[in-house]
Structure formats: structure tokens, C-alpha cells
Amino acid sequence: MVQTAAKAVLEGGPAELPERIVPADPHGSELKIPFRGGYEHFRPTTRQQHTAEGALPVYEWWERTEIAE
């Protein structure tokens, strides 16, 4: 059974990210997490991870962009 989740598990990216379970679009859009003057970008995978909050979709880190000033 595929669960439509309002949250996702982040995998990869900076080890210092304060949260690894974050709000997510139930449509599986890319996540853009603000972090240290830039954004960490995560893409959805087909995997799920069992957490204390239930089975959540896993998003993998794929790039960082800087905030334009």
C-alpha cells in the first residue's frame, strides 16, 4: 500500500541538517530546504522508510544552490 504522506525522510546532503523528517508535498515534488545561506535540493525516490511517524517517502539529496542576493 502506498501512503500519501504530508512528511518525508531526507537522505544524504549535509550531516548538519537540523531535521531529517520534514513537511512534503503529497504529489512528490522536489523539496528545497533552506540551509546556511543556500538551499539543499532533494528528489523523491520510490522507497519508503519506517519511522516513529509511520512509513514515509524517502527523498535523496541531489544538489545545493546558493541564495541569490
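Of the 69 residues in this protein, 29% are buried. The model is a predicted one, and its fold is built from five strands and zero helices. Here is a friendly tour, from the overall build down to the charged pairs.

**Overall build**

- Reading along the sequence gives the pattern β-β-β-β-β.
- The radius of gyration is 12 Å, close to the 11 Å that the globule rule gives for 69 residues, so the protein is as compact as a globular protein of that length.
- Along the principal axes, the C-alpha trace spans about 45 × 20 × 15 Å.
- Among contacts with a separation of 6 or more, 40% are between residues 24 or more positions apart.

**Surface and charge**

- The accessible surface comes to about 4,700 Å², and carbon and sulfur atoms account for 54% of that area.

**Salt bridge between Lys7 and Glu53**

- The protein has five salt bridges, and one of them joins the side chains of Lys7 and Glu53, with an N to O distance of 2.8 Å.
- This pair connects distant parts of the chain, since its members are 46 residues apart: Lys7 sits in strand β1 (residues 7–11), while Glu53 sits in the loop between β4 (38–51) and β5 (54–66).
- Both ends count as partly exposed, Lys7 with 34% relative accessibility and Glu53 with a relative accessible area of 42%.

**Salt bridges around Arg47**

- Arg47 and Glu60 form another salt bridge, in which the closest N and O atoms are 3.0 Å apart.
- Arg47 is partly exposed at 37% relative accessibility, and Glu60 is partly exposed at 35%.
- Glu11 joins this picture too, as Glu11, Arg47 and Glu60 are linked in a network of salt bridges.

**Salt bridge between Arg64 and Glu66**

- The side chains of Arg64 and Glu66 also meet in a salt bridge, at 3.2 Å from N to O.
- Here the two partners fall into separate classes: Glu66 is exposed, with a relative accessible area of 57%, whereas Arg64 is partly exposed at 30% relative accessibility.

Definitions and conventions. Residues are numbered from 1 along each chain as its sequence is written. This is a predicted model: local features need pLDDT of at least 70, side-chain atom pairs count only at pLDDT 80 or more; totals for chains, interfaces and linings use all residues. Side-chain values use heavy atoms; hydrogens and water are left out. Helices (H or I, at least four residues) and strands (E, at least two) are DSSP runs, numbered from the N terminus. The radius of gyration is taken over C-alpha atoms; the globule rule is 2.2 Å times the number of residues to the power 0.38. Buried means under 20% relative accessible area, exposed over 50%, partly exposed in between (1.4 Å probe, protein chains only). Contact means heavy atoms within 4.5 Å. Accessible areas come from the Shrake-Rupley method with a 1.4 Å probe; for residues, only the protein chains shown count as cover. A salt bridge is a side-chain nitrogen of Lys or Arg within 4 Å of a carboxyl oxygen of Asp or Glu.
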